[in-house]
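User: I'm new to reading protein models and I'd like a close look at one part of this one. Could you pick a residue, walk me through its surroundings, and then show me how the aromatic rings pair up?

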Amino acid sequence: MAVSTLPILKEGDSGDAVRFLEQLLSSIYWFGLQQGRPSLITSNVIFDANYDSQCQQIVTEFQKNYNATFPFPSPDITVDGVVGPETWKALGDAIFKYTY
């Protein structure tokens, strides 16, 4: 059986995987919104399936917030604005935490 993996996403990428990422980030923001915590996701954010500098900033913010919010045994993830295996797992952890 073949094992499929989620793609590594970075600035310049586009398509369905980026749209899915944008949807995840938006859901995590609305469910996990904490008063006083800064967030780049506002009504001015454009979700267009393009991994542009705005998307990279939001991913970087998510990575920083994940490291600050999820205690041990959750590992710190790399804060680089790139969505690789660590960040995909962290997105799954966050969406589970905030929606269940």
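Analyst: Let's start with Gln63, which sits in helix H2, the stretch covering residues 53-69. Keep in mind that this is a predicted model. Is Gln63 buried or exposed? Its relative accessible area is 0%, and buried means under 20%, so Gln63 is buried.

Leaving aside residues up to four places away in sequence, Gln63 touches Ile77, Thr78, Val79, Asp80, Gly81, Val82 and Thr87.

On to the rings. How many aromatic pairs are there? The count comes to three, with ring centres required to lie within 6.5 Å of each other. Take Phe20 and Trp88: their ring centres are 6.1 Å apart and their planes meet at 20 degrees, which is under 30 degrees, so this pair counts as stacked. Phe20 belongs to helix H1 (residues 16-32) and Trp88 to helix H3 (residues 85-99), so the pair links distant parts of the chain, 68 residues apart. The two partners also have their own accessibility labels: Phe20 is partly exposed at 39% relative accessible area, whereas Trp88, at 9%, counts as buried.

Tyr66 and Phe70 form another stacked pair, with ring centres 4.4 Å apart and planes at 20 degrees. Both of these residues are buried.

Two more residues are worth a stop. Lys89 lies in helix H3, and at 52% relative accessibility it counts as exposed, because the cut-off for that label is over 50%.

Finally, look at Ala49 in the loop between H1 and H2. Its phi is positive, about 65 degrees, although Ala49 is not a glycine. With a relative accessibility of 8%, Ala49 counts as buried.

Key: Residues are numbered from 1 along each chain as its sequence is written. This is a predicted model: local features need pLDDT of at least 70, side-chain atom pairs count only at pLDDT 80 or more; totals for chains, interfaces and linings use all residues. Side-chain values use heavy atoms; hydrogens and water are left out. Rings of Phe, Tyr and Trp (its six-membered ring) pair if their centres lie within 6.5 Å; planes under 30 degrees apart count as stacked, over 60 as edge-to-face and the rest as tilted. Helices (H or I, at least four residues) and strands (E, at least two) are DSSP runs, numbered from the N terminus. Buried means under 20% relative accessible area, exposed over 50%, partly exposed in between (1.4 Å probe, protein chains only). Contact means heavy atoms within 4.5 Å.
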